[in-house]
Amino acid sequence: MVIMDVDNAVDVEINVSASASAPVKEMSELRYSRLIHTLGRDAVNALSQARVLVLGCKGSGVEVAKNLVLSGVQGLGLVDDEVVVLADLGAHFLLSEGDVGRNRAVATAQKLKEMYPSVNIVTLSSVSVESALGSYGCVVATSGFYPDLIRLNSLCRSLGVPFVAASCRGVFTFVFSDFGDNFSVLDETGELAGAVLVEGITQDFPATVTVVEEQRHGLENGDEVVLSGIKGMEELNRDTPYSVTVTGVHSFTIQEDTRSYERYVSGGYFSKLKKSKNMEFLSLEKALLSPKFCISDPVKEPQVMSLHVGFQAVDEFERRHASDTLSPSRSTAINPEQFQEVVVLAQEIWSNLQALHVEKGTSSGSYAMEATSDERGEELSNEALLKANGERDRPYQDRAGSSSSGGSTSSAGLPSRSHGNRFEVIEEIVRMIALGASVELYPVSAVTGGIAAQEAIKALTRVFTPIQQWLYFDAVECLPSVPLAPEDTLPCGSRYDHQIALFGREFQDKLGCLQWLVVGAGGIGCEALKGLVLMGVGCSSNGSITITDMDTVSKPNLIDQVLYQLEDVGRAKAPSAARALRTINPAAQIHALTERFDTETETIFDSSFFNSIAGVFSAVDTSSSRLYLDTRCVSNRRPMVDGGKHGTKGSVQVFVPFQTEMYASTRDPPEHKELPICTLRNFPYATEHTLRWAVETFEALFKSRPADVNAYLSSRDFQESIRKSPASSRLPVLNSLRDALIRYRPISFDACIQWARLQFEDLFSNNIKQLCFNFPASMTTTAGAPFWSGTKRCPTPITFDPADNLHLDFIIAAANLQATIYGLKGCQDRAMFVDVLQRVVVPPFEPKEGIKIAVTDNELRNQSNQRKYLGNSEDSDAAEACERLLRELPTPASLAGYRLVPVEFEKDDEHNYHAEFVAAASSLRGRNYGIPSTNKLQARLVGGRVLPSIATSTAVVGGLMCLELYKLVQGKPFTLHKHAYFNLAVPLFAFAQPIKALQHTVLRFLSFFCKDFDCGLSFVGFNSKKFAIFFCE
């Protein structure tokens, strides 16, 4: 049983058994598509049946609850016996001033239930926890004293319930995980293991498998693979996995005797099986004494033991004074006069840890500390630990209002071996933790809540590697550089009291008057905006936050974009976000714009606009958008903090004018790699090729074709461009116009079905037959090697069969899309489709002589260049065909007012047949070439260029961005800013100092930063005087 501070606690009785047996909610594939892309379908299904108990409903607790609800858990139990105080509103986005005095768990549960009615949310008092534990799949404790948490953890272990603990104290926080003595991880990384193309298999024992040169197998000795689609050695196509021994980057052996098998002919793929990993965890009680650390910042690795001791000392101080109404509790500050008591407790804990280690036989000069950042399990000596602490902590010694000497040091800079002097080096960190012991800042709560919720998801799904076992994080760089006057940090009865306690009232006033721009109101934008209004940014009459986003809310957005609810679907994001932000903080001054931030809106976001703002949060999702925003910030001398994410991975980068390099200096790689055109058109060998081909086919048929028709009917320029272009270029366009306006212009839905059937024949039969006519299966290269080898797989035409569901799926999707662009009513009756298809007459295929099919992109470019070179001397037959088609086409005047409806691929509509068409077309293309089939989810992701998303990493990115804002407002030097990169799945955290802007000295009295502007001027004819006058002005 957990005993927590009780202040007018409310015990809400619930029927635990009834809640546990509630029907499992149906998982919406569309809504959770981005989450499935991150975790996998099985893991998301597991979450939809899971219930989590969250202890503590302050800032970090509500962040954990929010992240779990957004991730689709079935139910939550909330425990918090305290009442809401006004200062809670600085880190708790669900509470309002009207909730002050109410039980915190009840108020939080009510708001969560209003936002997410499909989730079963209940509240419990602390005395009910023990009896309810067995009905939950995981426990996350964000409050409670260590002895109480130890008892709770012990009870969880006895019931087999994974346990996560987290705590925020000012700019310091930790997350602890204990998943039991034997926890099995099904997928350590979550990285996709795609099928790899086989090029050859020997008749030998062991058999050697070779993969195509374009792909590396990426295997290690002992990995297991499954082979499929092999032609010639059919015995290998079975579900039994083969253990591999790597012999090269493109080859490996399997323990299979293939000497009696038929010779390998062609085709086939292998897929790597994910191997489970068993992990052992210590209980909280043991882990406090023998900690294993997951390092959040390698530079700060030596001071992690100081944090471990400091958190315990502050907790013990608060526990001893919990019943003393005249002394501090968890919700009130520790006075500077009481710091010494905390220091004494820390010294006792430190001494006990060392004494315990001496008893275990370790020399008194070292303490065993396992760091999992590099998995070496090395011991870290006290001398090295204390030396690093002394070097790191000296700049912060004055921040807590006291100083401590580092003790006497040797010539090598090592502290003295005397026990007392060694502790004095880490004393300052203990004091800093005590200074913010009762403070909960939103940015730190967001980081903590994201990491802790991810650990709970790992426990529930067994996907990704858990933290072993302590992760400490701090943001001491955010703290004021000089001590604040005590009267400047006193509470003033506002929602910002926690922030004022660390940064002072003057700093809070600066935040309120700040004018800030946030570009993008998606996942990261929502978290960043939520953080800004909780911190009070732009919440005074002189401040403001401007949001710009031209997008609308869709269902899949709801899994990590916390400001939107189901009723917002279809509405513009920026105004919807503004409404939610004013609910979080009524004082927020929000300007919502629905403009795209690009070159076309520079009249809106001009220099005068930039002069009115202090800086920018970049929450866009493409590198090109970041690059443009970066150039505007550089030219207008405004700092930019950029956030990015990809599934469980995230990054935050900060760019400060005149101090750091710009984003363009080290831009990110493109989000989507370009694929060879000839591979897509004629020689695919991977699922990504068939999917991309299907998307391009969709765009050609239902976007470009109707757009060309509309341009022909309405634009004289388009008509002139057709007449002036080479015949070989305009012939396909004219054929498309003739088909759309004459041959296949439907007047009924039956005609749409007929068109779809003919498209099927062209795409999956006739085009393949023509390709095989040009390149027969027995064809060899000039070197005598088979043409159809390596990545070139000889395709097989498909014979249409209305009884094949995939064939019919394509016809239904294509016919309904054809009806859409012509404004006809669609149909879903499969029996009606089959009836109409029986009456469709399909012309027999006749191969065409003289058709040139490029094998490589270089050959394709040469053909294009050759056509340009021929110019007017090109094939006269093509020119005659063009003239004939022009005569056949109806004149625009005869179709005045007639228009088609071009279709943009819309990934977030369940009833528009877009994903159905792409999935069916890709799978049929796969059948042509022996490539694995695809589904609608893959079609949505590839067609919509969707990135994987999860609320946990989004929250961490938002929190880290707001931490950088603390530094920007204080004018911190760039050396204290941090680029952050993390992967919550592994888990991995890396921080780096921004690169200093390159400074050029032109004259003795004149220097400039070449990365801070791009004026595009030529300096020819500039002498030194003119140059100096120009730049001085």
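**Helices and a buried loop residue in a predicted model**

Helix α7, which covers residues 146–159, has 14 residues and reaches 20 Å from its first C-alpha to its last, close to the 20 Å expected at 1.5 Å a residue, the expected span being 1.5 Å times one less than the number of residues. This is a predicted model, in which local features need pLDDT of at least 70 and side-chain atom pairs count only at pLDDT 80 or more, while totals for chains, interfaces and linings use all residues. Residues are numbered from 1 along each chain as its sequence is written, and side-chain values use heavy atoms, with hydrogens and water left out. The protein has 32 helices and 29 strands, these being DSSP runs numbered from the N terminus (helices H or I, at least four residues; strands E, at least two).

**Overall burial**
- Of the 1033 residues in the protein, 55% are buried, where buried means under 20% relative accessible area, exposed over 50% and partly exposed in between, with a 1.4 Å probe and protein chains only.

**Helix α7**
- The buried residues in α7 are Y146, D148, L149, L152, N153, L155 and C156.
- The residue that follows α7 is G160, and its phi is positive, near 75 degrees.

**Helix α15**
- In α15 (residues 505–513), the buried residues are F507, Q508, L511 and G512; viewed down the helix axis they fall within an arc of 145 degrees, so they line one face of α15, the arc being that of the directions from the helix axis to the C-beta atoms.
- An α-helix has 3.6 residues a turn, so residues three or four places apart point the same way.
- Exposed residues E506 and D509 sit on the face of α15 turned away from its buried side, whereas the cover over the buried residues includes α14 (497–503), α16 (523–535) and α31 (951–970).

**Packing of α21 and α25**
- Helices α21 (residues 687–714) and α25 (residues 805–821) pack at an angle of about 10 degrees with their axes 11 Å apart, which makes α21 roughly parallel to α25 (angles under 35 degrees count as roughly parallel).
- From α21, F698, L701, F702, R705 and P706 meet A814, L817, Q818 and I821 of α25, and the residues of this contact divide into 7 nonpolar, 1 polar and 1 charged.

**I931**
- I931 lies in the loop between α29 (914–929) and α30 (936–943), and it counts as buried because its relative accessibility is 7%.
- Neighbours within four places in sequence aside, I931 is in contact (heavy atoms within 4.5 Å) with Y269, P684, Y685, A686, T687, T690 and G926.

Terms used
Axes fitted to C-alpha atoms, helices over the stretch in contact; angles between N-to-C directions. Parallel < 35°, antiparallel > 145°, perpendicular 65-115°, else oblique. Nonpolar A, V, L, I, M, F, W, Y, C, P; charged D, E, K, R; others polar.
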